[in-house]
Amino acid sequence: MPMDLATVDHLLTTTRAVRKRLDLERPVEPEVLERCIEIAPQAPSGSNRQGWHFIVVTDPAKRRALYRRSFRSYTASSRPQPPPGAAADDPRIAQAPRVRASATYLSEHLHEVPVLVLPCIEGRVEQAGVSAQAGLYGSILPATWSLMLALRARGLGTAWTTLHLVYEREAAVILEIPDSVTQVALIPVAYFRGTDFRPAKRLPGPTRTHWNTWDARR
């Protein structure tokens, strides 16, 4: 049976990184999380690796410990920079202050978000070649995105964050993650306030599409 393309396209074009609109008061039902995590591994996996793990963190002290230190370090040393080669009308330039303000808000309230999910995968590839790295991350990132889409379809917001990975080993100690397992991200999860989201301003797809060879003008 053909899919309802309008519904699919709406889901794909309005699944935003939600930060300020996360509902910090409303609890997230465990059964909703469990169903979405059951859906997630149906995503493609490189060589059928299936080494996924999803650590669901609801303990307030652990939520607090996982993120705030690394984000404070980031904000102290980093300033927004325009993307390399960006034109004056590049939408990313105008959006940068708003994105940064949103990320700062999230850092200050992350410990209040009811659920944090850490997608992980068995194996380490820091010292491996590009192919091994692509294979490992290509086996967990699709599943994580499927998880985020499944949550979005149920009225929950998420955001992809990786700043805690500056202190990945410390996070591993907090959550008792084996050294042989790679953490990929930290995903805050909560119901979102308001009604819906609109498509974001992005660089047009044709300006980033190359047919048969790399076009340096794009």
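Colleague: In which hand does H2 pass H5?
Modeller: This is a predicted model, in which local features need pLDDT of at least 70 and side-chain atom pairs count only at pLDDT 80 or more, while totals for chains, interfaces and linings use all residues. Residues are numbered from 1 along each chain as its sequence is written, and side-chain values use heavy atoms, with hydrogens and water left out. A crossing counts as right-handed if the near helix is turned clockwise from the far one by less than a right angle, and left-handed if anticlockwise. The crossing of H2 with H5 is right-handed.

Colleague: At what angle do the axes of H2 and H5 cross?
Modeller: Helices are DSSP runs of H or I with at least four residues, numbered from the N terminus. Axes are lines fitted to C-alpha atoms over the stretch in contact, and angles run from 0 to 180 degrees between N-to-C directions. The axes of H2 (residues 30-39) and H5 (residues 130-153) come within 8 Å, and their crossing angle is roughly 140°.

Colleague: Which residues of H5 make the contact with H2?
Modeller: Contact means heavy atoms within 4.5 Å. From H2, Leu33, Cys36, Ile37 and Ile39 take part; their partners in H5 are Leu147, Ala150 and Leu151.

Colleague: Within what arc do the buried residues of H2 fall?
Modeller: Buried means under 20% relative accessible area, exposed over 50%, and partly exposed in between, with a 1.4 Å probe and protein chains only. Val32, Leu33 and Cys36 are the buried residues of H2. They line one face of the helix, because their directions from the axis to the C-beta atoms span an arc of 95°.

Technical notes
Helices (H or I, at least four residues) and strands (E, at least two) are DSSP runs, numbered from the N terminus.
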